[in-house]
Amino acid sequence: MFVVMVASECAPVAQAGGLGEVVFGLSGELERRGHAVDVIVPKYDCMRYDQIFNLTVAYHDLVVPWYGGAIPCTVWFGSVYGRRCYFIDPHSPDGYFNRGHLYGSDDDPMRFAFFSKAAMEFMLKTNRRPEVIHCHDWHTALIPVLLYEIYQYAGMPDQRVCFTIHNFAHQGITDEAVLRAAGLEPERVLTEDRLADPSGGSVNRTKGGIVYANFVTTVSPHYAWEARYSDQGMGLNHTLSLHQAKFGGVLNGIDYDVWNPEVDRFIPQRYGASTLENKYVDKEALRDRLLLEHTYEPLIAYVGRLDRQKGVELLQHALFFARARGAQFVVMGNCWDPGVDGDFWHLKHFLNDDPSCHLELGYDDDLAHLIYAGADMVLMPSLFEPCGLPQMIAARYGTVPIVRATGGLVDSVFDRDYSTRPPEDRNGYTFDGVDPPAVESALHRAIGLWYGYPTEFRRLMLNGISQDHSWAEPAQHYLDIYEYIRHK
Ligand code: GLC
C-alpha cells in the first residue's frame, strides 16, 4: 500500500512532542512491512538539518493557489533515518516557516492551512496517488475537507483519509479567512454539521477533520472513551457520537530502534532483562552527570513538557514529598507557558544547593536516554493524557512508572496492588485524584516497595521490560483501518 503521512512534525528533525515520534515510528514500521510511505512536513528554518540526509530539491515551482493568487513553493526531499520526507518551503512574504520555532506565531492557523493546501497540491501535481493519506491533529485537519471539496474533482477521486487526533485540547479554532484563503466556500462548509465550532460560528478544524475523514482515531482506547463521554471531548462529544462508527482509539507505540536499553548509544552501560543489574551503572552515571549525591536512595524522574496538562502543580508537590521520604528527584523538560516556566526557574534556584535533586529546564535528548536508564521510577501526574509515551519508554528501561490514571496511561500502566490484571501484567503504580494525597499515596507505596521489598520491586521492573510497546501491534491496527477505508 502507498501511504502519505502529512503532519506538522517528524522526529527527530522537527519535533515539539509526541506527535513527531508517532509520525516517525509509525512510518518506519509500515515501511518495514513493505508498504511505501512518504512523509510531508513543512521546511522549518529551525529543523535539525544535521539529521536529514541528502537534502535535495524535489520539485521547483509548486504553485499553490492561495486567496485570489498563488504562493510558489520549493519542495525538498531528504531521508530521515530511512523515512522518505518531503519538506514544503513556501516563498511567501510572510516567511511562514522561517520563524525560529514550530508553533507559537499569531498566524499559526494560516501557516498550517497553507501547508495542508500545499501538501494536497504537491500530491496532485506530482501524480502521487496514495491509497491513504494519514493526517494528524488540527494542523492538517483541513486535508480531508480539501480532498472531498476540491481535489477529488481535480484528479484524486480514489484517495482516502485517516485522521488522528493527538490532543482534543487543540482544535485549531479560527475565523473563516482560512477557508477563503484555501479555496473553500464558507457558505458551504461552515455549517453546523461540518466545520462550525459547536460554541459559535468560527471554524473548528478538528471538527472538520472528524466530519470529512474516512476514519478518525485518537491515540489510546481510554482517551477515545473519555473524548466521547467526559469533558475530555472538549466540546466535540456530540460530533464524535454522530460519527462514532468511524472513530476509535489506537494506543501508540514507541520506536524500539530509538528506545531500547540493549542497543542505546546514549547510555554508558547497556542492559536488558537478563542483565538488569547493569542498570545501576547508568544510575551512577546519571548522578555523576547531574552532580547528585551517591547515596542509597531511589531516584524518581519526570521527563516531558512542563505544561498544565502534565500536572505541574502535582509534580512540584511530589518532588518535596519524595525528598521527605528519602528519594532523589530529577526533572527535565521544555516549557512554553511563561507562568509555569517562571515557577520552575524559581524552584530550580531554590533547590540549587540540594545534592539530591536536579531540574533541567530544556529538552536534551541524550540526557533523556540516560534519565530513563538511570532512574528507578518515572512520575507522570498528568491532568489528562491522550496517550503519553514516557510511561512506555520507562517500562522498556525497567524504570517503574507512577502515573495518574487518565487517558492512555490507563491502557499502559497497571497498578501493582489494585489492578485487576494478572500479576505478571502489573508494571507500576496509578492514582486517581488530582490532589496531593492521591499522588502521595502512590509515591508512598512505590518508595516503600523499593526500600522494603527489593525483590518485589525488581519483579515490577521485569514485568515492564517484557511488555511489548513496539509499533508492531499499533501499525497492524492502522493497516486494518487503511484496508477498511480504501475499499469503501
Ligand atoms: C500529544 C499528547 C500525548 C501523546 C502524543 C502522541 O502530545 O498530549 O499524550 O502521547 O500527542 O500521540
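A residue counts as buried under 20% relative accessible area, as exposed over 50%, and as partly exposed in between, using a 1.4 Å probe and protein chains only. This is a predicted model, in which local features need pLDDT of at least 70 and side-chain atom pairs count only at pLDDT 80 or more, while totals for chains, interfaces and linings use all residues. Residues are numbered from 1 along each chain as its sequence is written, and side-chain values use heavy atoms, with hydrogens and water left out.

**Stop 1: a buried strand**

Select Val 331, which has a relative accessible area of 1% and is therefore buried. Val 331 belongs to strand β13 (residues 328-333). Helices (H or I, at least four residues) and strands (E, at least two) are DSSP runs, numbered from the N terminus.

Which residues does Val 331 touch, not counting those up to four places away in sequence? They are Tyr 302, Leu 306, Leu 315, Leu 319, Phe 344, His 358, Leu 359 and Glu 360. Contact here means heavy atoms within 4.5 Å.

Next select strand β12 (residues 299-303), which pairs with β13 in the parallel sense over five bridges. Two strands pair if DSSP finds at least two bridges between them.

**Stop 2: the open sheet**

Select the nine strands that form an open sheet, in the order β3-β4-β5-β2-β1-β6-β7-β10-β11, with mixed pairing. The edge strands, each pairing on one side only, are β3 (53-66) and β11 (247-249). On average, neighbouring strands of this sheet are turned by 25° against each other, direction ignored.

Within the sheet, pick β2 (residues 36-42) and β5 (residues 83-90): they run parallel and are joined by five bridges. Pro 42 stands opposite Ile 88 in β5. Then show helix α1 (residues 18-32), which packs on the sheet and touches β1 (2-6), β2, β4 (69-80), β5 and β6 (132-136). The direction of α1 makes about 160° with that of β2. Angles run from 0 to 180 degrees between N-to-C directions, and axes are lines fitted to C-alpha atoms, for helices over the stretch in contact.

**Stop 3**

Go to Pro 12, in the loop between β1 and α1. A cis peptide bond, with omega of about -10°, joins Ala 11 and Pro 12.

Then find Asp 137 in the loop between β6 and α3. Its phi is near 60°, a positive value in a residue other than glycine. Is Asp 137 buried or exposed? At 9% relative accessibility, Asp 137 counts as buried.

**Stop 3: pairs of helices**

Two packed helices are described by the angle between their axes and the distance between the axes.

The axes of α1 and α17 come within 10 Å and cross at roughly 75°, so the two helices are roughly perpendicular to each other. Angles under 35 degrees count as roughly parallel, over 145 as roughly antiparallel, 65 to 115 as roughly perpendicular and the rest as oblique. On α1 the contact is made by Leu 26, Glu 29 and Leu 30, and on α17 by Ala 472, Ala 475, Tyr 478, Leu 479 and Tyr 482.

Now select α15 (residues 436-452) and α16 (residues 454-466), which pack at an angle of about 120° with their axes 6 Å apart. This makes α15 oblique to α16. Among the contact residues are Trp 450 of α15 and Phe 457 of α16.

**Stop 4: a buried helix**

Finish at helix α6 (residues 205-212). Eight of the eight residues of α6 are buried, so the helix is largely enclosed by the rest of the structure. Those buried residues include Arg 205, Lys 207 and Tyr 212.
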